[in-house]
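I opened the model to look up a few points about its chains. My entries follow the display.

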Amino acid sequence: MLREFKADLHIHTCLSPCAELEMSPRAIVKTAIKKEIDIIAITDHNSAENVIAARKAAKNTGLTVLAGMEITTSEEAHILALFDDLESISKLQDIVYSNLMPGVNDEKRFGEQIVVNEKDEVLDFNKRLLIAATDLSVYSAVNTIHSLSGLAIASHVDKDVFSIISQLGFIPDNLKFNALEMSVHIDRKQADALFALYNSYPWISSSDAHYLADIGKRTTTFIMNEPTTADMASALNNIEGRRVEWG
Amino acid sequence: MKLSNIVENLSLEVKTGENNLQNDVTGAYISDLLSDVMANGKEGNVWITLQTHLNIVAVSGLKNLAGIIIVNNRPVQEDVLQKAESEKVTIMSTPLPAFEIAGKLYQLLNG
């Protein structure tokens, strides 16, 4: 049976140096449920160490938490990686960590990178330079995500920094994104006018929340059968009545 | 060479960090990728870029750069200027493109 799933697929936790301290997995899950969201994705910069806590916090709530990450490619383009399972995200994290620019996070300049559990207890401070870029090109990032059966989505393509278009000028034909993401800064009409060139790609929109108040500010509705990345892929491609709506 | 000499000779508009113009300049680095500057920028370098994201302030502070020259008169958001002011990072602006301002700076430093 097809039904509507309200999804916010781009949410940072307190592990991202630029996100607020209050973005604990528990608080995110609580806020998402309050806003009647059905699917969220935890997408920290170049790390997925708070995904497990968010999943545990959402256990028995009806909220689906996708295992995600926002990868910074060597071109400094941001790409969302979304998975159903923890095993894939863990493999991706190993690859990203081994390709991340070496260095230690400077908490004073970039912000703290806090790993917590589902009860908001601090487990660790991630010392890696998560704000920096990896050595993975956009091609290898997308290929790596697909080889692990995940969805690869180009983040906030309308932004003039850290987007595939701002960094490369245009989206190369042979880059197989599952979707392009529009940010909260642009509505559907503006997107249609500005990105007509890219209407062969499915589009979604999400909040890119760095603050609790941002969660759900923009969502995409997936009309599909079950909250899995496979069914989401079908919805993105309008297969068997499945589809997506936003804005 | 002092940053103030460069500002004067290249007619740069100083947007933040007026008080840091006595900084010594060791050279310059040109890049629009933040991570590249983090890897290859050197202390005392002037950074020539069109990148105006908030993170330029952090990168400049981290690498102890002498200052940032924004090219093509690219507008810099108010929040970036405020952060730069509070972090004592000097942001300067020029109407020239990177190639031309770099050429002039090279001559000035090596002339």
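**Chain B**

I began with burial: of the 111 residues of chain B, 39% count as buried (buried means 20 or more other C-beta atoms within 10 Å of the residue's own, exposed means 12 or fewer, partly exposed lies in between, and C-beta atoms are placed from the backbone). The model is a predicted one, in which local features need pLDDT of at least 70 and side-chain atom pairs count only at pLDDT 80 or more, while totals for chains, interfaces and linings use all residues. Residues are numbered from 1 along each chain as its sequence is written, and chains are lettered from A and ligands numbered from 1 in the order in which they are written.

I then listed the elements, which are DSSP runs numbered from the N terminus (helices are H or I of at least four residues, strands are E of at least two). Chain B has five helices and five strands, and from the N terminus their order is α-β-β-α-β-α-β-α-β-α. Chain B has a radius of gyration of 12 Å, close to the 13 Å that the globule rule gives for 111 residues, so it is as compact as a globular protein of that length. That radius is taken over C-alpha atoms, and the rule is 2.2 Å times the number of residues to the power 0.38. I noted a box of roughly 35 × 25 × 25 Å along the principal axes for the C-alpha atoms of chain B.

**Where the chains touch**

I counted contacts, meaning residue pairs whose C-beta atoms, placed from the backbone, lie within 7 Å. Eight residues of chain A are in contact with nine residues of chain B. The chain A side has five nonpolar, no polar and three charged residues (nonpolar: Ala, Val, Leu, Ile, Met, Phe, Trp, Tyr, Cys and Pro; charged: Asp, Glu, Lys and Arg; polar: the others, Gly among them).

**The sheet of chain A**

I traced an open sheet of nine strands with mixed pairing, in the order 9-8-7-4-3-2-1-10-11 (two strands pair if DSSP finds at least two bridges between them). Its edge strands are strand 9 (203–205) and strand 11 (243–245) of chain A, each pairing on one side only. I read an average twist of 30° from one strand to the next, with axes fitted to C-alpha atoms, for helices over the stretch in contact, and angles from 0 to 180 degrees between N-to-C directions. Strand 10 (residues 220–224) and strand 11 of chain A pair in the antiparallel sense over three bridges; Thr221(A) has Glu245(A) as its bridge partner in strand 11.

**Ile153(A)**

I picked this residue from strand 7 of chain A. Ile153(A) counts as buried because it has 30 C-beta neighbours inside 10 Å. Beyond four places in sequence, I found its contacts to include Leu80(A), Phe177(A) and Ile204(A). Asn178(A) is 25 residues from Ile153(A) in sequence and 5.7 Å away in space, C-alpha to C-alpha.

**Positive phi**

Which non-glycine residue has a positive phi of about 50°? I found Asp208(A), in the loop between strand 9 and strand 10 of chain A. Asp208(A) counts as buried, with 24 C-beta neighbours inside 10 Å. I also noted Glu240(A), with phi near 50°, in the loop between helix 8 (229–236) and strand 11 of chain A. Glu240(A) counts as exposed, with 12 C-beta neighbours inside 10 Å.

Terms used: Contact = placed C-beta atoms within 7 Å.
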